[in-house]
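The sequence and structure come first.

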Amino acid sequence: MIHLLALFASNPLTPLEHVARHVLNWLHFSVGLSWAWSIVALTVMVRMLLVPLTVKQIHSMQNLQRYAPQMKEIQKKYKQDKQKQNEELMKFYKENQINPAASCLPMLVQLPVFLGLYYALKHFSRESAALHPGNLSFLHFIPSIADHTTSHWGGFVLLVVYVTSQMASTLFMATTVDKMQRYLFMAMPLVFVFVIAHFPAGLVLYWVTTNLWTVGQGLITRRLVPKTAAPLSDKKSSRTPPSDDGRSDDGHGGNGAKRDPDRPSPKPQAAAPPRKVRRKKKAGGRR
Amino acid sequence: MYRLGVAAVWFYRVTFGALFPTTCKYHPSCSQYAVDALRSKGLVRGSALAAWRLLRCNPWSHGGFDPAPPRVVR
């Protein structure tokens with residue numbers, strides 16, 4: 001017990017490292033995978049555990065994209081005031097019972113794994129080979145997963161794969177409708193590749209695997225979930241009940257009157273008219 | 001003492017927050033909530049509040065406007 005406490009005091013992340021190391025040891029010694037493939041297997045295990053979380057997230061994201069035009073309007077309207085913009089978006093989510101796709105927990109669950117792996121691999125390179133017997137190479141182009149990624153030409157190949165896979169996974173999992181933010185997320189790996197180059201190659205391998213999983217998952221869920229427009233029309237109608245032509249003139253009041261208890265009605269008022277006009281046009285087109 | 005926690009949040013923001021880009025479903029975002037909670041409730045209670053918020057920020061919750069509790073002035 002004291003030993004454990006001392007360990008924890010020396011580095012609070014040591015327990016994470018021990019867990020990562022134990023799982024890697026089990027995959028290597030018991031299952032018989034090479035160290036590199038053990039990392040891949042560990043990543044796949046973590047992602048499999050996270051499947052319920054991410055599938056739900058993908059579904060909400062697809063749902064969110066149906067509301068993109070209305071959300072863009074809100075974003076345009078409160079361009080100057082980011083805080084107000086966020087508040088209005090939250091209100092819009094609530095009114096339409098949208099579950100925003102982004103959430104911090106799925107990402108945070110991966111953090112301990114990542115940190116544990118980072119320290120485990122760091123110690124790999126320091127330890128004598130006797131402690132981790134076996135081959136540290138991966139697919140014949142990376143000599144050691146414990147070495148810095150850039151220490152061998154194979155690492156550069158891995159970095160290119162990382163950047164590509166990260167961009168692809170952002171394409172599938174970007175939880176924002178804001179285009180600017182999307183581009184920013186897409187460009188991120190190009191900047192971070194310089195930081196990541198100093199990490200052990202095994203960690204980049206973890207990253208590449210998790211990205212490829214994300215892409216695969218995105219592709220599968222996109223195929224499985226048909227893009228139906230039906231819920232959109234339902235939800236739209238619930239948000240703005242079909243009002244008469246006469247009412248549309250004082251549409252602000254009409255909207256507000258429907259939601260009496262909502263205190264912040266004066267702000268959505270201004271946002272309401274353009275939406276209504278749009279919907280009318282659409283309705284006319286259909287007929 | 002709470003500054004320790006705030007520093008940790010900032011460390012997270014410049015490292016992992018930037019490496020794994022996500023947008024939060026709550027307003028203020030989880031990290032901002034953590035900073036606010038630490039400032040108003042101190043290290044222990046602030047951390048507990050932030051942890052609870054992180055658990056709430058899951059794909060099943062609905063998000064929304066959820067500010068940290070204000071500081072009680074005695």
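In chain B, 68% of the contacts with a separation of 6 or more join residues 24 or more positions apart; two residues are in contact if their C-beta atoms, placed from the backbone, lie within 7 Å. The model is predicted: local features need pLDDT of at least 70 and side-chain atom pairs count only at pLDDT 80 or more, while totals for chains, interfaces and linings use all residues. Residues are numbered from 1 along each chain as its sequence is written, and chains are lettered from A and ligands numbered from 1 in the order in which they are written.

Chain B has 3 helices and 2 strands, in the order α-α-β-α-β. Helices (H or I, at least four residues) and strands (E, at least two) are DSSP runs, numbered from the N terminus. Of the 74 residues in chain B, 31% are buried. Buried means 20 or more other C-beta atoms within 10 Å of the residue's own, exposed 12 or fewer, and partly exposed in between.

V9(B) belongs to helix α1 (residues 2–14) of chain B. With 18 other C-beta atoms within 10 Å, V9(B) is partly exposed. Beyond four places in sequence, V9(B) contacts S31(B), A34(B) and V35(B). V35(B) is 26 residues away along the chain, with a C-alpha separation of 7.0 Å.

A nonpolar core is a set of buried Ala, Val, Leu, Ile, Met, Phe, Trp, Tyr and Cys residues joined through C-beta atoms within 7 Å.

| Core | Size | Residues, including |
|---|---|---|
| Largest | 32 residues | I39(A), I145(A), L158(A) |
| Another, apart from it | 12 residues | C24(B), Y26(B), A34(B) |
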